[in-house]
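Visitor: I am new to reading protein models, and I would like to go through this one slowly with you.

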Amino acid sequence: MLEKLKPLVLRITEDSSLPVDKRLEGICALLQSRIPYYDWVGFYFRDGDLEELKLGPYAGEPTEHTRIPFGKGICGQVAVSNRNFVVPDVTAQDNYIACSLNVRAEIVIPIFVQGENIGQIDIDSHTPDPFSEADEAFLEFVCREVAQIL
Ligand code: SME
């Protein structure tokens, strides 16, 4: 399923008739609608020189967490660690920001532009422990393609 989505991701990232934000929105909508256990899909980006993430395009329920300081929550930790963060069970995490009580698991993959961590893709799932290495590899692919249009 994930492999089949790759050409559709490329069709969106390579569509230069759309502004970048619309393309990112399209990727969120694609992933959220096609992957049953991706319930919320969004991008966070570093806000200029601030040590803070700002919510970008997303698909799913609106969230009040539109700004996240570096170090806070799963997203803020990835902003600092530069590493993928796969959370099979959010209740086992101390440093976690709850967006909805329905969320059981989360995965965050950083986006690098010229070696710098400039943001991330964040997926929330209502399914317990749904993410595998295949999700990590697929989302790394998405992040590499997104990095090329930023
Ligand atoms: N759960 C995230 C906050 C962002 S929401 O999932 C959209 C975190 O702990 O950083």
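Visitor: Which pattern does the chain follow when it is read along the sequence?

Guide: This is a predicted model, and the secondary structure of its chain comes to four helices and six strands. Read along the sequence, these elements give the pattern α-α-β-β-β-α-β-β-β-α.

Visitor: Why is the chain as compact as a globular protein of its length?

Guide: The globule rule gives 15 Å for 150 residues, and the chain comes close to that value, so it is as compact as a globular protein of that length.

Visitor: Which element gives the most residues to the shell around the ligand?

Guide: The space taken by the ligand is the largest cavity. The elements that give two or more residues to the shell around the ligand are strand 1 (40–46), strand 6 (116–125) and helix 3 (73–81). With three residues, the element that gives the most is helix 3.

Visitor: How many residues of the shell around the ligand are charged?

Guide: The residues around the ligand include Trp40, Tyr44, Glu106, Asp122 and Asp124, and a polar side-chain atom of Asp122 lies 3.4 Å from an oxygen atom of the ligand. By class, eight residues of the shell are nonpolar and one is polar, while the number of charged residues is three.

Methods
Residues numbered from 1 in each chain as written. Predicted model: local features only at pLDDT ≥ 70, side-chain atom pairs only at ≥ 80, totals over all residues. Heavy atoms only, no water. Near = heavy atom within 4 Å. Polar contact = N/O pair within 3.5 Å; in protein donor to acceptor, adjacent residues only side chain to side chain. 1 Å grid on protein atoms, 1.4 Å probe; cavity = no way out; pocket = protein on both sides within 12 Å on 5 of 7 lines; lining within 4 Å. Sits in = over half its atoms within 2 Å of the grid points. Nonpolar A, V, L, I, M, F, W, Y, C, P; charged D, E, K, R; others polar. Rg over C-alpha atoms; globule rule 2.2 N^0.38 Å.
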